[in-house]
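Please look over the sequence and the model shown here before reading on. The report is meant for a reader who is meeting this structure for the first time.

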Amino acid sequence: MSNWSHKVWRNLSLIQGASYSTTPSRTNKLKLDDLRKIRPMILRRIENRAKDYPVKEIVPVAEDVLIARKYLLSDVTALLKVIPVLTCKFCSEVFVGKEGHLIETCRSYIRRGNNRLHEWVPGSINDILVPVESYHLDNISQGVIRHQERFDYDRVPAILELCCQAGAIHPEEILQYSQVHDNPQISDEDIRSLPAGELKYVGANALMAWEKLRAGVKKLLLVYRSKVCKRCKEVHIGPSGHKARLCGVFKYESWRGTHYWEKAGVNDLVPEKVVWHRRPQDPVVLLNEGRHHYGHAPAIVSLCSHAGAIVPVKYACKMKPQGLSFPH
């Protein structure tokens, strides 16, 4: 580098408030040498970390989570045979009832407009219980998944992956477990054979399984660390996130590249799909003018409430069961 260009770069660096050097500093060289020395020790600690897992005291908690999840899927499938659920064609809005509401909250980027009326179509169990998937790891000490390796690993429900790392499912049986238990088969004859008034007990059991599932996942997350992307809500069950560059792949997203990982919570693995809840004092079709009077509830809670189940008191603040309705 010539004297002239060296002076130019030095002046530019002083203007920007940074130090400029044509050669690596002695401090940086020492830091690199130290990292090379301690790298084998770090790798050994990562490999030995798997020996402490799974924690034997937590295995029953993971087994209870699997049982609650199994009952929840079967009960919700049975309720959907009787109680209609609608979802918007253009956005993720869901409504429990025969007729959709007229509240203008559709904000789909496809329609290129905000606050429009929804276009309702029949919903499914995935609209009530939002599926969350993650990569399946062979063991907890496995290396970080690279971008070019993203198709080499299976995608499984995040709750099953969490229970697998907790020791409730064998790693080689998780795919078979998902195929068997994730699609409960309930015929219309089974629903017709229910005695009159038994539907509310199905709703109560579903609500109880929902609460047990969330409580169990909360306990598991205290022991087994999980990550969630701050931007796109991608979930990874493990101490460190993967490096698959899948964040911001849509045109309307300004960021594109790796995920921005942070600690995951219960709502990241078991999302509460909050919907408008129609109370007995509300009109048959909820109107846009009365949106400040109506209540909200998680979709599973609204579904069980329509089945006749008693809702826990903690949801009363959102649902406004004794609140005034919009005068129509």
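The text below goes through a pocket, a helix, some salt bridges, a surface patch and a few backbone angles.

This is a predicted model, in which local features need pLDDT of at least 70 and side-chain atom pairs count only at pLDDT 80 or more, while totals for chains, interfaces and linings use all residues. Residues are numbered from 1 along each chain as its sequence is written, and side-chain values use heavy atoms, with hydrogens and water left out.

**The largest pocket**

Rolling a probe the size of a water molecule over the atoms shows where empty space is left. On a 1 Å grid over the protein atoms alone, a pocket is an open set of points where a 1.4 Å probe fits, with protein on both sides within 12 Å along at least five of seven lines, and lining residues have an atom within 4 Å of a point. The largest pocket has a volume of about 580 Å³, the volume being the space filled by probe spheres set on grid points that are joined across faces, edges and corners. Its lining is made of 26 residues, of which Arg-69, Leu-73, Asn-126, Leu-129 and Pro-131 are the closest to the centre.

Helices (H or I, at least four residues) and strands (E, at least two) are DSSP runs, numbered from the N terminus. At least two lining residues come from each of helix H3 (59-80), helix H4 (125-128), helix H5 (158-165) and helix H8 (199-223), and H3 gives the largest share, with 5 residues. By residue type the lining holds 18 nonpolar, 5 polar and 3 charged residues, where Ala, Val, Leu, Ile, Met, Phe, Trp, Tyr, Cys and Pro count as nonpolar, Asp, Glu, Lys and Arg as charged, and the others, Gly among them, as polar.

**Helix H5**

A residue is called buried under 20% relative accessible area, exposed over 50%, and partly exposed in between (1.4 Å probe, protein chains only). In H5, 8 of the 8 residues are buried, so this helix is largely enclosed by the rest of the structure. Leu-160, which is found in helix H5, is buried with a relative accessible area of 0%. Between Leu-160 and Glu-133 there are 9.1 Å in space, C-alpha to C-alpha, although the two are 27 residues apart in sequence. Just after H5, Gly-167 takes a positive phi of about 95°.

**Salt bridges**

Side chains of opposite charge can pair when their charged atoms come close. With a salt bridge taken as a side-chain nitrogen of Lys or Arg within 4 Å of a carboxyl oxygen of Asp or Glu, the count comes to 6 salt bridges, and the table shows some of them.

| Pair | Closest N to O distance |
|---|---|
| Lys-89 and Glu-119 | 3.8 Å |
| Arg-155 and Glu-234 | 2.9 Å |

Lys-89 and Glu-119 form a salt bridge; Lys-89 lies in the loop between strand E1 (85-88) and strand E2 (94-96) and Glu-119 in the loop between E2 and strand E3 (120-122), so the pair ties together parts that are 30 residues apart in sequence. Lys-89 is exposed at 53% relative accessible area, whereas Glu-119 is partly exposed at 35%.

Arg-155 forms a salt bridge with Glu-234, and this pair links distant parts of the chain, 79 residues apart, with Arg-155 in strand E5 (residues 155-157) and Glu-234 in the loop between strand E6 (226-229) and strand E7 (235-237). Arg-155 is partly exposed, with a relative accessible area of 32%, while Glu-234 is buried, with 12%.

**Surface patch and backbone angles**

Leu-32, Leu-35, Ile-38, Met-41 and Ile-42 form a nonpolar patch on the surface, with about 430 Å² of accessible area together. Such a patch is made of residues with over 30% relative accessible area and no salt bridge, with like charges joined within 9 Å and nonpolar side chains (Val, Leu, Ile, Met, Phe, Trp, Tyr) within 5 Å, and the areas come from the Shrake-Rupley method with a 1.4 Å probe, where for residues only the protein chains shown count as cover. Leu-32 has its place in helix H2 (residues 26-49) and is partly exposed, with a relative accessible area of 46%.

Lys-233 has a positive phi of about 65° although it is not a glycine, and its place is in the loop between E6 and E7. Lys-320, in the segment after H11, has a positive phi near 50° and is likewise a residue other than glycine.
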